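Hi,

Here is the structure I promised to pass on.

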Amino acid sequence: MFSYHSHTLGRSTRLQFQRTFIKSALFTLSSVVYGAVAPSIELANKMERNEVHVKKSKNDLELEELERSRGRIISKHFQRPQKLYPNHVPLFCYERALLFLGSSIGSFLHPERNEFIVALGETSATEGFLKRLRSDMLNDAVGRQILKDRPYITSEYLNLEKLKSYPDNSFGKTYYNWLVREHCSPDERVDVRFIDDEELAFVFQRYRQCHDFYHALLGLPVWREGEIALKLFEYLNIGIPFGGLGALFAPWNVKKPSERERLFNVYYPWAFKNAYHCKTNLINVYWEKVMDKDVDELRKELNIEIPPDMRTLRKQHKTTLG
């Protein structure tokens, strides 16, 4: 009996051992299989998520960097810059150069065409010049106020009807009479478009809109002869590159020798003398706030002498010929 129970107990122990062994073997096998398969599954998932980075050769890396550099160059030179202000027309360098060349030729051959004059003025106004002009304004109390206020000159802003009622010798009435005599309007000054900086664009816009104030102050008409004389004065006083170009080249397109002679003998010497003796850069005069000032007193304050009347000189020349 003891032998039977011992045999039965031994058999039961062996069965239990076999079950335990089989479970352990299956567990070990499953762990091995899972350990081999799981990384493959994880790798596949990473590849699907583009998270796998293959180690690249030095040559491949150099080629990729070259492609990126080419892309940056193409983007820099052929991607249109963003507009910086409402009327801004961003230009590529070659477009600006072509516009400068075309407007230069057009201005010389057809100075009566305002679109050529406008384009040449803006494309010749270099960033360095405009920054220097802005610095001149920042270094002057009135100039700083103008930059702060950002006035935009129009007929409504100036209130021409009010200027008409000013005393005859006031600057405001002088300016109004000049507008009537020359058939001009402050509304004719077009907005700046080709300058790639919002504040520098205002600086040039201010010069452009004040151009007629200079005409009225100096008594110069809008004839070609008068414009050339004023351009030289503006170049010498304000530094406008366009003024220098006009003073240098425009006289050679003046067909009448008498006009060219007056420019060289009368108005150019006057411009050199008065531009250098002027007490301030005219860009720093807040013209809208001196409309009620006596025009002779204003000229005296600025240390400017008006040139000989161009209409009178023309009449005298015609009388001499007659």
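In these notes, Ala, Val, Leu, Ile, Met, Phe, Trp, Tyr, Cys and Pro count as nonpolar, Asp, Glu, Lys and Arg as charged, and the others, Gly among them, as polar. This is a predicted model, so to speak for itself only where local features have pLDDT of at least 70 and side-chain atom pairs 80 or more, while totals for chains, interfaces and linings use all residues. Residues are numbered from 1 along each chain as its sequence is written, and side-chain values use heavy atoms, without hydrogens and water.By class, the lining of the largest pocket has 17 nonpolar, nine polar and nine charged residues. A pocket here is an open set of points on a 1 Å grid over the protein atoms alone, where a 1.4 Å probe fits, with protein on both sides within 12 Å along at least five of seven lines; lining residues have an atom within 4 Å of a point. The space in this pocket is about 990 Å³ (filled by probe spheres set on points joined across faces, edges and corners). Among its 35 lining residues, Pro111, Ile117, Glu227, Lys231 and Phe242 are the closest to the centre.

The second largest pocket holds about 250 Å³. Its lining has 14 residues, with Tyr152, Glu198, Ala201, Phe202 and Gln205 nearest the centre.

Beyond four places in sequence, Leu282 is in contact (heavy atoms within 4.5 Å) with Tyr214, Phe233, Asn237, Ile238, Trp287, Leu302 and Ile304.

Best wishes
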